Amino acid sequence: YEDIPPCVDPRDEEAFRQRLLDTLARIAVSGSEKDPEHNFLIGLAYLDGIDVETDRERGLALISQAAEAGLSSAAIKLYDMYNSGCGVQLNYHKAAYWGEKAAALYIKHFGSQDPATLICLAAVAVTHDKLGNYAKALDFNTKVYELRRHVLGPEHPDTLSTLNNIALNYDNLGD
């Protein structure tokens, strides 16, 4: 059986110790179908070469698996990467996809009134505006405005900023 490594005599403590450490290290940097958080963290390590060789493709694949499995921090990382072009080619379509996925996960896990959810929803609106999807940007901004008005109050700077974004969306739509 060629895939079975040679046996190590457990009485040879140094050889046994090294084999154990090598095996644990291999397990630690491999993906896991059942643990999205593990995949996310290992993906981050591969992106930046932290204790492993830099492998952006593998890192991106592991982070994508974690996001598809419902890990909001992985989805927002992908949004940030594609929205800024950091580590990947700038792609607002992919940013919008991951931003919407992150927003849905934030709403599910933290609620629609959580500050992180509101920031995520507002960021997705900006991305749709960059894509020229003004109607979709308007939908997101309207939702953010109503939530911020309720949570922060009508005079809060974030609420007023969102109201300004709505006006810009209407202007872009020719209204």
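Q: What covers the buried residues of α4?
A: In this predicted model, the cover over the buried residues of α4 includes α2, α3, α5 and α6. The buried residues themselves are Ser72, Ala74, Ala75, Ile76, Leu78, Tyr79, Met81, Tyr82 and Asn83.

Q: Why do residues three or four places apart in an α-helix point the same way?
A: An α-helix has 3.6 residues a turn, so residues at such a spacing point the same way. In α4, the buried residues include Ala74, Leu78 and Met81.

Q: Is Ser72 buried or exposed?
A: A residue is called buried when its relative accessible area is under 20%. Ser72 has a relative accessibility of 11%, and therefore counts as buried. Ser72 belongs to helix α4. Leaving aside neighbours within four places in sequence, Ser72 is in contact with Leu105, Tyr106 and Phe110.

Q: How many residues does α4 have, and what distance does the helix reach from its first C-alpha to its last?
A: α4 has 13 residues and reaches 18 Å between those atoms, close to the 18 Å expected at 1.5 Å a residue. After α4 comes Gly85, whose phi is positive, near 75°.

Q: How are two packed helices described?
A: They are described by the angle between their axes and the distance between the axes. For α2 and α4, the angle is about 30° and the axes are 10 Å apart. An angle under 35 degrees counts as roughly parallel, and α2 and α4 are therefore roughly parallel to each other. The crossing of α2 past α4 is left-handed. Phe40, Leu44 and Leu47 of α2 make this contact with Ser73, Ala74, Lys77 and Met81 of α4.

Q: At roughly what angle do the axes of α4 and α6 cross?
A: Their axes cross at roughly 30° and come within 12 Å. These two helices are therefore roughly parallel to each other, and the crossing of α4 and α6 is left-handed. On the α4 side, the contact is made by Ile76, Tyr79 and Asn83; on the α6 side, by Cys120, Ala123, Val124, Thr127 and Lys130.

Q: Which residues have the most contacts inside the largest nonpolar core?
A: That core has 30 residues, and those with the most contacts inside it are Ala74, Leu78, Tyr82 and Trp98. Two or more residues come from each of α2 (36-48), α3 (56-68), α4 (72-84), α5 (92-110), α6 (115-131) and α7 (134-152). The helix that gives the most is α4, with seven residues. Apart from this core lies another, of five residues, among them Ala45, Tyr46, Val52 and Leu62.

Q: Which residues does Tyr82 touch?
A: Not counting residues up to four places away in sequence, Tyr82 touches Leu60, Val88, Gln89, Leu90, Asn91, Lys94, Ala95 and Trp98.

Q: Which residues of α7 are buried?
A: They are Ala137, Leu138, Phe140, Asn141, Val144, Tyr145, Leu147 and Arg148. The buried residues of α7 pack against α5, α6 and α8 (157-172). The 19 residues of α7 should span 27 Å at 1.5 Å a residue, which agrees with the 25 Å between its end C-alpha atoms. Gly153 follows α7 and has a positive phi, near 105°.

Q: Where is Gly49 found?
A: Gly49 is found in the loop between α2 and α3. With a relative accessible area of 28%, Gly49 is partly exposed. The C-alpha atoms of Gly49 and Gly59 are separated by 9.4 Å, and these residues are ten apart along the chain.

Technical notes: Residues numbered from 1 in each chain as written. Predicted model: local features only at pLDDT ≥ 70, side-chain atom pairs only at ≥ 80, totals over all residues. Heavy atoms only, no water. Core = buried A, V, L, I, M, F, W, Y, C linked by side-chain atoms within 4.5 Å. Buried < 20%, exposed > 50% of the residue type's maximum accessible area, 1.4 Å probe, protein only. Helix = DSSP H or I, 4+ residues; strand = E, 2+ residues; numbered from the N terminus. Contact = heavy atoms within 4.5 Å. Expected span 1.5 Å × (residues − 1). Axes fitted to C-alpha atoms, helices over the stretch in contact; angles between N-to-C directions. Parallel < 35°, antiparallel > 145°, perpendicular 65-115°, else oblique. Left-handed = near helix turned anticlockwise from the far one by under 90°.
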